[in-house]
Amino acid sequence: MSTLFFFLAAFGAIAGAIGVIALRDPFFSVLSLVAHLLSLAILFLLLRAEFVAAAQVVVYAGAVMVLYVFVVAYVGEADEAIGARLRSAGGANMRLAAAVLGGALLVELLIALLGSGLKAIEGYGAGYTPGPRTYGTPAYIGNLLLTRFLLAFEMASFLLLIAAVGGVVLARRRGGLEEETAEEEREFAPLELLRPQGTGTMAEGVTGLEFAASHSGGAEEEAKGPAESRRTPVAVGAAEQGDEHDSEGEDGR
Amino acid sequence: MSIAWYLAVSAIIFALGAVGVIVRRNPLVVLLCLELMLNGANLSLIAFARMWGNGDGQILALIVMTVAACEVCIGLGMIVAIYRRRLPIDVDEMRELQG
Amino acid sequence: MSATTFGWLVLLFPLLGTLIIGFGFRVLPGRTAGWIGTAAIGLAFLAALGALIKMQGHAPSGRELNSSLWSYAVTVGIDAHVSILVDPLSVYMILVVTGISTMIHLYSVSYLEQDRGFARYFAYLNFFVFSMLLLVLAGNFLLLIVGWAFVGAASYLLISFWYRRTTATRAGIKAFVINVVGDVGLVLGTYFIFKHTGTLEFTKVFAAAPHVFHSGEADITAGCLLLLVGAAAKSAQIPLHTWLPDAMEGPTPVSALIHAATMVTAGVYLIARMHTLFELAPAAQDTGAVIGALTLLIAGTIALVQTDIKRVIAYSTMSQIGYMIMGVSVGAYAAGMFHLMTHAFFKALLFMGAGSIIGAMGGEQSLQKMGGFRKALPFTFACFVIGGLALSGIPPFSGFFSKDEILLVTAERGGWHWVLYVMGYLGAFLTAIYTFRMIFRAFYGDPVAEAKELEGGHLHHAEVPTNPANGEVEDTDVGFPGPHHTIAERALPMRVAMSVLAVGAIGAGLVQVPGVDDVIVNFLRPSFATSPLYEPHTRDGLLIFGLCLGTVLGLTGIAIAYRIWVREPAIAVRARARFGAVYELLWHKWYFDEAIDLLVVRPAAATGTWARGTFERVFVDGTLIGGTTGVVRAGSAAVRAVQSGFLRYYAALLLLGVGAVGLYFLLQS
């Protein structure tokens, strides 16, 4: 019986994984990952990790994937499938390289995991006696978390806090109605996220903040002279960081 | 099933995730494949925990899940920010790290 | 104070003179630099006298005195000290050098009076004297080479003294390049000798040489032949002689000092100093004798047709040095050195006289434009006649005794040396002819305009200063001769100097009259004590014959010159027309310049052009530099391709790395 469930769950997991990497629409990839996660939860159950299985379903499939769904809905564009033409340089090579590397990795992992000569993996694991606080139960996990792994527990919560703050910082809106100005495609620099738009190039020094102003102030402000745009500094709703940048720029001139 | 089977499944999932990271161009899907890899690792952790019979592997798997959640949060935040800037959502277009 | 202390003082005074004048040339007023220079050399002469006196105080066998100031490099296989060797030969040389130099410095004080480079001139001249003394006093090969090179450098500086004249600078470069060829010969010759003797000190080398070398061995012959190359370059012997006539571009006192009395005699000194080695290499000796003889004849023939007065004297110098080289090569060391001294007197005197008459001509040097200066320049004329008679070998002037001694010893060597004997007297005949050709053309005949001016009491000055060699117009600012010309009759320092030299030209021969006194031979004997060739076996019959022949040839030459250039100038014109081809050959100086240009200069220039155009461009720039940079660039481009910026490449690389590490660990276990 458990064998049957194992094969079903394993099949589901692998099928979900293949779906993630093969499907064109990112939304379908997300859904496929959800299926994969649920199959994985079943596998966890088979391995007597009840709490982890529950956590997997609730946290991973329930929260993280929902987050993904939100973002995919907001952003999502259809990507080309693997088999389609890949315009970027070395697209075909990428596929080949990926296949080769993936295959090599798989073989290595299998050898490492299975060929290690560890007798125990031939077995079914250590003995198990059911009970309220035995291996895998929430009480058992809780006990471990609060005694042996207390530090890791606390640090994990700390990490979550940082991530939350980081997420808010990353995704906040900054300055004006930027989406409405026509802006040519520029190359993306990750650091651009941290400084006001229009700064950090030679244009800033040559033309002054009018460049930044014209980019962030909208079409109606382009008619104003540089002095006026200086008086109305950029980043109307921006945080202190933007103001500091602008005032620095003014002092520097 | 013996533990070996679970380990084999975990290896396959991990390899599939790795392939996906290289092949896909949409950063969202790349992150999803990253999740795949993490899940593969998780599975092997749980399997080994079962093998030894103590809970260390399960705790580690929980922590990994936590980390994965944080990483997803940040990654998605970045993607949203990129989208807001009207830049193409394409891993190949972000190549400022070139030499 | 010992003799060697005086030796160091001899070196010190000119060096101090150079430094003082060189560093203070801006602050020294008027002619002070000239007096400082003259005083420096005068003091050196006094120190040389002191060295002489002190040295003669030793027994004859103990007159080779070494003195080392410090050890420059003493280690396994080499011993280089800064040491001088005071022995009769070097004392003789320093007396000649300092004595003649003092007179020439005195002469220069007036001659270059208003030249803007007055102080520079004396600094250079003192430096030259210092270098020459260093060369002569050197106690080892190292200092000899240093002095040799310095002398070449000083010669270059002084030849191109009027540096804004392109003819002068070209002449300076030509002299320097040919001297460098000689330097190379000298250094390589030193190597061959050092290889076997293992020491650089002269006394040790000469003591060891007969034991280390066998007569006629390859290495010693090669070494001596290379030393001969050095001597030939410095002494302007065939085929390295082409620089000397061009060196007349320098001021006349420079020609007098460097190219008559001192520097060109360095080659003679070298062979005399290295006599021990040369006697072990008969092939080198014979080569030297032949070269000397050829030079004296060829130079004599060329001097017959030259029109520039200084070039006539230059070729005459070349010819007389040929005598000296021939003399010291066949073993007539004392005779060769004796001729060196007498030649210094009368040749410097002739150059000084030439300077005077050039001053009278306002800078013009061509004999074709001179004539009839006898009344206008009596003192100069007298000096010329004295010098000319000495040069032609007329008794009782000094040249007579010295020249005939050389030829006598040559004949005594026997065998094929009789050919050299004949060539020597032929040369003497030619000498008389061209010397008095020069005197008669310049001083006899109708006075030219400048002479008439001078008789009227006015010294001619050219309205537009021009280069006498090619007629280019110039000015009188620094780098060109100054506006001032003078003649001996009007400048006391010049007259004093010329008088002293005239006395020497007349009387210097009396110290070595054959059969009467042997001052030079006895004096120099300790230096040549080990030489079997030194003692002249005077065959009295041959001696008398030689003396008479020399006198007869000299007088005949003067008579012929008188006949042609005073009585019937038309003979010269007819001779030129009749022997046109010969005249052309002589006029073009036996085409040596053209030959060297064809054989050496053009291939060198072609090699240089090829090297620059082809080799440098294609091979070095293209292949070596371009190749290595290309490889580096290609490599870095290949490496740079990894940094493509594509995230997926990086991810792939990451996985590759993980796989590689995993593989490693798998293989490990």
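Q: What helices and strands does chain C have, by number?
A: This is a predicted model, and in it chain C has 26 helices and two strands.

Q: How do strands S1 and S2 of chain C run, parallel or antiparallel?
A: They run antiparallel: S1 (residues 65-75) and S2 (residues 78-86) of chain C are joined by nine bridges. Within this pairing, C:Ser67 stands opposite C:Ile84 in S2(C).

Q: And how many residues lie between S1(C) and S2(C)?
A: Two residues lie between them, and the strands form a hairpin. In the turn, C:Gly77 has a positive phi of about 90 degrees.

Q: Turning to the interior, what share of chain C counts as buried?
A: Of its 669 residues, 52% count as buried.

Q: Which residues touch the most other members of the largest nonpolar core?
A: They are C:Val10, C:Leu133, C:Ala348 and C:Leu349, in a core of 213 residues.

Q: Which helix gives the most to this core?
A: Helix H15 (residues 333-360) of chain C does, with 19 residues.

Q: What is C:Val10 in contact with, leaving aside its neighbours within four places in sequence?
A: Its contacts include C:Ala44, C:Ile94, C:Thr98 and C:Leu133.

Q: Which residues does the second, separate core include?
A: That core has 82 residues, and A:Leu113, B:Leu36, C:Phe646 and C:Leu655 are among them.

Q: How many residues of chain C are in contact with chain A?
A: Eight residues of chain C are in contact with nine residues of chain A. On the chain C side, five are nonpolar, two polar and one charged.

Conventions. Residues are numbered from 1 along each chain as its sequence is written. Chains are lettered from A and ligands numbered from 1 in the order in which they are written. This is a predicted model: local features need pLDDT of at least 70, side-chain atom pairs count only at pLDDT 80 or more; totals for chains, interfaces and linings use all residues. Two strands pair if DSSP finds at least two bridges between them. Helices (H or I, at least four residues) and strands (E, at least two) are DSSP runs, numbered from the N terminus. Two residues are in contact if their C-beta atoms, placed from the backbone, lie within 7 Å. Ala, Val, Leu, Ile, Met, Phe, Trp, Tyr, Cys and Pro count as nonpolar, Asp, Glu, Lys and Arg as charged, and the others, Gly among them, as polar. A residue is buried if 20 or more other C-beta atoms lie within 10 Å of its own, exposed if 12 or fewer, and partly exposed in between; C-beta atoms are placed from the backbone. A nonpolar core is a set of buried Ala, Val, Leu, Ile, Met, Phe, Trp, Tyr and Cys residues joined through C-beta atoms within 7 Å.
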